[in-house]
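Good morning. I will walk through one structure, starting with a hairpin and ending with charged pairs. Please look at the screen.

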Amino acid sequence: MKGAPPIDLEALLVALVLAPSTFSRNRFFSLYADPEARRVRRRAALLRSIVRQLVAGADRAGLAPAASGGALLTYDVPSLGLKRTAALDALELAVLRIAVARDAVPRVGQGDSGDAAPSSAAGAPLPHDLLPEPADTSRIERALARLLPGERHGGALELPDQGEPGEPELATRALPRDRAPRDSQAP
């Protein structure tokens, strides 16, 4: 975005996985023109597709730790005859766990007090590796905080065409002359 500090790409990834419609093309056009942001958008789409497949009932899902601190995710999608493997860094793994847990169906066990692990739409329980850990939530919250405007948060997300301090807010500004209500327009 011209004149604004660059957006935190890790924070953008988290936002695009958890709330993909947050950054519309019309409002944040520069994000769609930047090559780094395009890569992040593609990675977020890949993570969302993995979440959809895991929640829809992928078989034999498992994580193997990677030397880089992330993990190697493998699972089967029998309906497509697909075996998928994805290398995830630590942040991608955290956002994947949160998204899978959010979209999974709560499983009610017989005689359980409600702490049963969530299951996929097909009814299979999700592997323990794919359930969120306490550190996942704080990692995601820290990443999303970097999107907040202002120096206090270290964020870089500013809406285009925001006024200077002291100017009236967008909703209370006077309309330009060509957009002023006309007598001939219906109320």
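Start with E2 and E3, which form a hairpin with four residues between them. In that turn, Gly81 has a positive phi of about 65°. A word on the source: this is a predicted model, where local features need pLDDT of at least 70 and side-chain atom pairs count only at pLDDT 80 or more, while totals for chains, interfaces and linings use all residues. Residues are numbered from 1 along each chain as its sequence is written, and side-chain values use heavy atoms, with hydrogens and water left out.

The labels come from DSSP runs, numbered from the N terminus: helices are H or I with at least four residues, strands are E with at least two. Two strands pair if DSSP finds at least two bridges between them. E2 and strand E3 (residues 82-88) run antiparallel and are joined by seven bridges. Ala71 stands opposite Leu88 in E3.

On to the partner E1. Strand E1 (residues 59-65) pairs with E2 in the antiparallel sense over five bridges, and Ala64 stands opposite Leu72 in E2. E1 and E2 also form a hairpin, with five residues between them. Gly69 in that turn has a positive phi of about 100°.

How many of the seven residues of strand E2 are buried? Buried means under 20% relative accessible area, exposed over 50%, and partly exposed in between, with a 1.4 Å probe and protein chains only. For E2 (residues 71-77) the count is five of the seven, so the strand is largely enclosed by the rest of the structure.

Now the charged pairs. A salt bridge here is a side-chain nitrogen of Lys or Arg within 4 Å of a carboxyl oxygen of Asp or Glu. By this rule there are eight salt bridges.

One of them joins Glu10 and Arg146, with the closest N and O atoms 3.1 Å apart. Glu10 lies in helix H1 and Arg146 in the segment after helix H5 (134-145), so the pair ties together parts that are 136 residues apart in sequence. Glu10 is partly exposed at 43% relative accessibility, and Arg146 is partly exposed at 26%. Asp8, Glu10 and Arg146 are linked in a network of salt bridges.

Another salt bridge is formed by Glu92 and Arg43, 2.7 Å apart at the closest N and O atoms. Glu92 is in helix H4 (residues 90-103) and Arg43 in helix H3, so this pair ties together parts 49 residues apart in sequence. Glu92 counts as buried, at 7%, whereas Arg43 is partly exposed, at 24%.

That is the end of my part.
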